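Visitor: I'm new to reading protein models. Could you walk me through a few features?

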Amino acid sequence: MLRLTRLHDSDLAQLEVALDAANLPYDDVREAGRLFYSSGEGELAFVGMEIFGADALLRSLVVPSAARGKGLGKSIVEALAVEAKKIGIERLWLLTTTAADFFAAIGFEPAARPEAPRKIQTTREFRDLCPASAAFMKLDLTRAHQ
Ligand SMILES: CC(C)(COP(=O)(O)OP(=O)(O)OC[C@H]1O[C@@H](n2cnc3c(N)ncnc32)[C@H](O)[C@@H]1OP(=O)(O)O)[C@@H](O)C(=O)NCCC(=O)NCCS
């Protein structure tokens, strides 16, 4: 299992650069309530979550383009799910316009937007991503075999 490295404030610049390179939003990564991690060694992948009690929005998943297709994305998401469960999170939610099949292969299931807790529905990502083009997905960590 990949070992996640927790990013602290002084590490966030590298995350911002990686997110910018992948055209993912990065201007709010320093706001409260977010935890970010890297894959720790070699070519760094990143992933994060915005936490609302027992629910969290998975966000900011990026694998450097030269390192894609080798299982790193799957490994870092699986490691994040283990870490989330360890800190008491019961459900991971996400929106994606590009990688629904990738997340489905990891165990995420399609979810209806009204099913999301209100706090998740008010995240900026949730408000900004167009419902027609973004898949909304959920991983129930109380059921998942982690
Ligand atoms: C999406 C992303 C994280 C995948 O990372 P990766 O390291 O290339 O993925 P993996 O090698 O772990 O792939 C695992 C499986 O998912 C498949 N897969 C990878 N990217 C996929 C995608 N975008 N859509 C569907 N399937 C995908 C792979 O083919 C592989 O399948 P296999 O196990 O049958 O061989 C990476 O392409 C990326 O950083 N993209 C840009 C940022 C982005 O879109 N982030 C997600 C925003 S929600």
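Guide: Let's start with exposure: buried means under 20% relative accessible area, exposed over 50%, and partly exposed in between (1.4 Å probe, protein chains only). Thr142 has 52% relative accessibility, so Thr142 counts as exposed. Keep in mind that this is a predicted model, where local features need pLDDT of at least 70, side-chain atom pairs count only at pLDDT 80 or more, and totals for chains, interfaces and linings use all residues. Residues are numbered from 1 along each chain as its sequence is written, and side-chain values use heavy atoms, with hydrogens and water left out.

Visitor: Which side chain does the side chain of Thr142 make a polar contact with?

Guide: A polar contact is a pair of N or O atoms within 3.5 Å; within protein, one must be able to donate a hydrogen and the other to accept it, and residues adjacent in sequence count only if both atoms are side-chain atoms. Here the partner is the side chain of Asp140, at 2.5 Å. Thr142 also sits 8.8 Å from Ile89, C-alpha to C-alpha, although 53 residues separate them in sequence.

Visitor: And how many residues surround the ligand?

Guide: A residue is near a molecule if one of its heavy atoms lies within 4 Å of it. The ligand has 18 residues around it, and the closest include Val63 and Lys74.

Visitor: Which polar backbone atom is 2.9 Å from a nitrogen atom of the ligand?

Guide: One belonging to Leu61. An oxygen atom of the ligand is also 3.0 Å from an N or O atom in the side chain of Thr98.
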